[in-house]
Amino acid sequence: MLPGGPSLPEHASAPSHLVDRDPQVTPQQMAAALVPPPQFADASFESYRPDPDYPSQAEVRDTVAAFVASGAGAAAPRRGLFGRRRSAAPEAGAKSGVYLDGGFGVGKTHLLAAAYHAASGRKTFGTFIEYTALVGALGFQGTVDLLRGTALVCIDEFELDDPGDTMMMTRLIKELSETGTRFAATSNTPPGALGEGRFAAQDFLREIQAMSDRFDTLRIDGLDYRRRAVDESAAVVPDVAAALPAGAVTLDDFDAVVAHLGTVHPSKYVALVEGLDAVGLTDARPFTDQTDALRWVALVDRLYDAQVRIVASGTPLDAVYPQSMLDGGYRKKYLRAASRVVALTRAA
């Protein structure tokens, strides 16, 4: 029996605590982790199942497949006179990337992972926050040097939440694309509207426009596949400890986890949940601080990527965002997280 708590099921071992985890990640480990998450380890264009009610899904799949096929070896260094390497820069006016714009749950990440697997040459796959964290660890020039020569850089969940990220990502894309690197990105926001409602985006319109001009924007319509069958809320249980499955699990108070996230950089959230089968959270309640809410969104994304089940009590985890937050600039992030926790709390 946990101190002051209910008995555990007989088949379960005593859970550990998420708040006791303090992963240390080196820049080398961060770079090595730039691959699709396990959930998309086998994603392909063939395994993508477009919704027949939304023709844009099949159209975007075919367009992305053609984009990847046309770029084989695009960033491979070429030799000029006297054996010097010369840039494999694209022709003037050529687009250096595809940008998948659509709501959550329409298969954008699946298509991005499929592009990664289908591409030849060096390639990377990471979330926007993983690339910005890499810059934080290696410095801007160190990151450029690391990624230079990469044929395809895949960026999932592309968002610009502050001016620093805007300037850094526009510079990174510009420098790499000029040496032949191509990009595939996903987002819930069209490139011309990145940063909208979050900071003074109008002050950075030139940088945002310069970046968006490098992409062909592909719009994917459709419903969230996680809710196609039935519209449900996130599941809650009266006794979290008793409902935890067998395996590697943690059990913590929701507020304690939220506080702990403030002590761990979001780039380490992958390592924070590594190896877990489920996380137990007691007494979930609505957020009052937007910074806490955004950290929770980042954790949910990593739990979803690793398909870690959530067992929770208290407020359903898709209802922890007050209307004031949903009415703000991060609405799409919150709705994506809400959709994902419904799936994770109802996983068998």
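Reader: Which residues in α4 meet which ones in α5?
Author: This is a predicted model. In it, Y131, L134, V135 and L138 of α4 are in contact with F140, G142, T143, L146 and L147 of α5.

Reader: How many of those are nonpolar, polar or charged?
Author: The contact of α4 with α5 has seven nonpolar and two polar residues, and no charged ones.

Reader: And at what angle do α4 and α5 pack?
Author: About 115 degrees, with the axes 6 Å apart. The crossing of α4 and α5 is right-handed.

Reader: Switching to α2 and α3. What angle there?
Author: Helix α2, residues 56–70, packs against helix α3, residues 108–118, at about 25 degrees. Their axes are 10 Å apart.

Reader: Parallel or antiparallel, then?
Author: Roughly parallel, because angles under 35 degrees count as such. The α2 and α3 crossing is right-handed.

Reader: Which side chains meet?
Author: From α2, V60, R61, V64 and V68; from α3, L111, A115 and A118. By class, that contact has six nonpolar residues, one charged and no polar.

Reader: Which elements supply the lining?
Author: α1, β4, α4, α10 and α11 each give at least two residues to the lining of the largest pocket. So α4, which packs with α5, also takes part in the lining of this pocket.

Reader: And the lining by class?
Author: The lining has 18 nonpolar, six polar and five charged residues.

Definitions and conventions
Residues numbered from 1 in each chain as written. Predicted model: local features only at pLDDT ≥ 70, side-chain atom pairs only at ≥ 80, totals over all residues. Heavy atoms only, no water. Axes fitted to C-alpha atoms, helices over the stretch in contact; angles between N-to-C directions. Helix = DSSP H or I, 4+ residues; strand = E, 2+ residues; numbered from the N terminus. Parallel < 35°, antiparallel > 145°, perpendicular 65-115°, else oblique. Left-handed = near helix turned anticlockwise from the far one by under 90°. Contact = heavy atoms within 4.5 Å. Nonpolar A, V, L, I, M, F, W, Y, C, P; charged D, E, K, R; others polar.
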